[in-house]
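Good morning. Please have the sequence and the model open while I talk, and turn the view as we go.

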Amino acid sequence: MIGTRKLLPFLLLFFTSCSAFDYSPYDGLVKGEVGVNNKNSALIERNCSKRDTIRFAVISDTQRWYDDTQDFVRILNKRNDIDFVLHGGDISDFGVTKEFLWQRDILNELKVPYVVLLGNHDCLGGGKEVFTKVFGNPNFSFKAGHTKFICLNTNALEYDYSNPIPDFNFIDNQLDSLASPDDKTIFAMHARPYSDQFNNNVAKIFQKDICRFPNLQFCLSAHDHQIEADDLFGDGVMYYASANIAKRSYLVFTLYKKGYKYEVVEF
Amino acid sequence: MKWLNFRISTLLLLTCPSFVSLKADDSLYQERVVKYHSFWNKLVPRHYKLQFAGSMGLLSFGPGWEYGKHHQWETDVYIGFLPKHSTSENKLTLTLKQNYIPWTNKPLGKHFAIDPLTVSLYVNSILGDEFWTKEPSKYPGGYYGFSTRVRFNLSMGQRFIYFIPNERRKYSKSMTFFYELGTSDLYVASAFNNRYLKLKDIIHLSLGLKVQVF
């Protein structure tokens, strides 16, 4: 019995040193906050309502770069001029359930609201369902001031024809709900047209479709792990891509009543 | 007579060797049957385990075998159940687990013993439509560079054994409670090269029961 008594402290130490049980890296067991995008979209809409000048930061591809993501949060929290943060997707690398939660917990430290887009890595191993639970529907929109942000799932390679990617019906519905012709539009997606994830069969149709939207300012994308600024279709619509967070930079966009400013901030 | 003699001797000559060989065949056959039995006998599971958690499902169950001079080696096969939680479907998992127990059955009182250390390496496979061993051909070569279906795990633990007294044995001779602390390859890859994830984030506890049939 002495043996048992000697063992007991070690056992207690063992049991308390780990975060309890794990059923599988792909168990889909979500603990903590869910529906992040919905809650934060409402906050953004409330904070920015009726304002002409909006300033937001863009990051993406934070998968497995926890320290860099945390550094970004610390640095952004020192600024007082940012209204919200848009994450361009690939919050996870393997689609492992805990990846979504770890990254959510880091981003929850942001003083400003944030929204996250679905990346192709987020789709792996049932990750798209975990993403939907934690962050929300992969197609969503919100309004900041006079600008409508339409966030789309463009990771067509991760789906088959039973799921329309990009979802033209969703896009169409966004047009219907626009209130005033003075409103502006920004489209955000993880993979831009002509990337390996995009359904390139409809790239031109997609472009034609989004150009219907009032005052289309520009499009945002991620996925390529480098900063990009391209007029992809030669029609004057710019596609801006943020780099992966390990490159330690983020984009800042300032929307004015007329026009916008774009800058790359390194940290 | 001569002819008859010849017939008999020929018959003897012909039959005797065949008779001898028939007898030899029979004993060889018996021997082979014994060997056959003993081969399959070795494959009769010596124990069954029920394990909770361990990155191989919520609950896993399966047979196992021990071998080695002190039964220090063990191989287990599990089928596990993984509830769907936030995902679209419940899933089954298959696990092949190899255990090494350097010191077995260290006595702890009359009916109890302890295995102070167990080390396990196991490979687990999730059976589900969304998981692949090899990347589907739609991806350019090496697009993701890992398998979502096959997981490698490592764990260490301890065991507490209760030897059922002879007169009370019904279906098993001993019962073992064990616990393990372990991790999975993707957790190690996640924690690698950053300070944010600590050991406690990637090490998990699992509990189990072992029923030793013989």
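**Helices, core and chain contact**

In chain A, helices α3 and α4 are roughly parallel to each other. Keep in mind that this is a predicted model.

α3 of chain A covers residues 66-77, α4 of chain A covers residues 97-107, and the two pack at an angle of about 20°. Their axes are 9 Å apart. Angles under 35 degrees count as roughly parallel, and therefore this pair gets that label. As for handedness, α3(A) passes α4(A) in a right-handed crossing.

Which residues of α3(A) and α4(A) meet? From α3(A) there are A:Tyr66, A:Thr69, A:Gln70 and A:Val73. From α4(A) there are A:Trp102, A:Gln103, A:Ile106 and A:Leu107. Sorted by class, the residues of this contact are five nonpolar and three polar, with no charged ones.

Now stay on α4(A) and look at its contact with α5. Helix α5 of chain A, residues 127-134, packs with α4(A) at an angle of about 30°, and the axes are 9 Å apart. That angle makes α4(A) roughly parallel to α5(A). The crossing of α4(A) and α5(A) is right-handed. On the α4(A) side you will find A:Thr97, A:Phe100 and A:Arg104, and they meet A:Val130, A:Phe131 and A:Val134 of α5(A). By class, this contact has four nonpolar residues, one polar and one charged.

Next, the core. In soluble globular proteins, nonpolar side chains tend to be buried together. In this model the largest nonpolar core has 74 residues. Which residues have the most contacts inside this core? They are A:Val58 and A:Ala188. The element that gives the most to the core is strand β1 of chain A, residues 54-59, with five residues.

Please select A:Ala188. Leaving out residues up to four places away in sequence, A:Ala188 touches A:Leu86, A:Gly88, A:Leu117, A:Phe149, A:Cys151 and A:Leu220.

Now some backbone details. The peptide bond between A:Ile165 and A:Pro166 is cis, with omega about -5°. Where does A:Pro166 lie? It lies in the chain A loop between β5, residues 147-152, and α6, residues 168-176.

A:Asp61 has a phi near 45°, which is positive although the residue is not glycine. You will find A:Asp61 in the loop between β1 and α3 of chain A. Is A:Asp61 buried or exposed? It has 27 C-beta neighbours inside 10 Å, and the cut-off for buried is 20 or more, so A:Asp61 counts as buried.

In chain B, B:His85 also has a positive phi, near 50°, and is a residue other than glycine. B:His85 is in the loop between β3 (73-82) and β4 (91-100) of chain B. With 19 C-beta neighbours inside 10 Å, B:His85 counts as partly exposed.

Last, the two chains together. How many residues of chain B are in contact with chain A? There are 36 of them, and they are in contact with 34 residues of chain A. On the chain B side, the elements giving two or more residues are β8 (174-184), α2 (185-191), α3 (199-202) and β9 (204-212). By class, that side of chain B has 16 nonpolar, 13 polar and seven charged residues.

That is the end of my part.

Key: Residues numbered from 1 in each chain as written. Chains lettered and ligands numbered in written order. Predicted model: local features only at pLDDT ≥ 70, side-chain atom pairs only at ≥ 80, totals over all residues. Contact = placed C-beta atoms within 7 Å. Helix = DSSP H or I, 4+ residues; strand = E, 2+ residues; numbered from the N terminus. Nonpolar A, V, L, I, M, F, W, Y, C, P; charged D, E, K, R; others polar. Core = buried A, V, L, I, M, F, W, Y, C linked by C-beta atoms within 7 Å. Buried ≥ 20, exposed ≤ 12 C-beta atoms within 10 Å, placed from the backbone. Axes fitted to C-alpha atoms, helices over the stretch in contact; angles between N-to-C directions. Parallel < 35°, antiparallel > 145°, perpendicular 65-115°, else oblique. Left-handed = near helix turned anticlockwise from the far one by under 90°.
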